[in-house]
Amino acid sequence: AINAALEAQKAELCLKKNELATAESHAKMANLADPEQPAYAALLAWIQAQQRPVPVLEEGKTSPVYDDLIRTFDELLKKEPSFERALFYRATLLQRAGHAERSFKDFSRALELNPRNIDAAREVRLYQVRHKNKPQESPPEKSGGGLFGKLFKR
């Protein structure tokens, strides 16, 4: 377990340096050393996702590029539904794959679990702004002309 934790730390460090191949090898070693630890499996899946090209999607279209990794996160979250990092990673992959509604739910849940997750908060706000139901504009009301009419609403 100690070796697994060290390998996971090395993987995180390499991920931050964008050394993805090295990060993946360390994450694989961590996952093999302690396969019962969901954090190592999540880290490995996230690193693998970073190595794939982000699909360019048309409005309303989806992509299968991340489907296998999303299933990995689905399995992890079945075992541990409150695993915030896995929720955030899955939400990001769902968003990239064009599944906006599902990603919003995961970002919202991740934010609920950790209110300090500014990335999840930003994504929730962006979704709400983009998908806000705009009420139909009503015609402007006629006011009693001039400055006093506006002030006193005549």
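Before going on, a word on the model. This is a predicted model, where local features need pLDDT of at least 70, side-chain atom pairs count only at pLDDT 80 or more, and totals for chains, interfaces and linings use all residues. Residues are numbered from 1 along each chain as its sequence is written, and side-chain values use heavy atoms, with hydrogens and water left out.

Back to our pair. Arg90 and Asp106 meet through their side chains in a salt bridge, 2.6 Å from N to O (a salt bridge is a side-chain nitrogen of Lys or Arg within 4 Å of a carboxyl oxygen of Asp or Glu). Arg90 sits in helix α5 and Asp106 in helix α6 (residues 100–113), so the pair links distant parts of the chain, 16 residues apart (helices are DSSP runs of H or I with at least four residues, strands are runs of E with at least two, and numbering goes from the N terminus). Which residues do the salt bridges with shared partners join into one network? They are Asp74, Arg90, Arg102 and Asp106.

Now to helix α1. The side chains of Glu12 and Arg85 form a salt bridge at 2.8 Å, N to O. This one also links distant parts of the chain, with Glu12 in helix α1 and Arg85 in helix α5 (residues 84–96), 73 residues apart. Glu12 is partly exposed at 25% relative accessibility, and Arg85 is partly exposed at 35%.

Helix α1 (residues 2–16) also holds Glu7 and Lys10, 3 residues apart, about one turn of the helix. They form a salt bridge too, with the closest N and O atoms 3.7 Å apart. Glu7 is buried, at 15% relative accessible area, whereas Lys10 is partly exposed at 41%. By this rule, the salt bridges number 11.

Finally, the whole chain. The protein chain has 8 helices and 0 strands. Of its 154 residues, 36% are buried. Among contacts with a separation of 6 or more, 50% are between residues 24 or more positions apart (contact means heavy atoms within 4.5 Å). The chain exposes about 10700 Å², and carbon and sulfur atoms supply 53% of that (areas come from the Shrake-Rupley method with a 1.4 Å probe; for residues, only the protein chains shown count as cover). Thanks, everyone!

Terms used. Buried means under 20% relative accessible area, exposed over 50%, partly exposed in between (1.4 Å probe, protein chains only).
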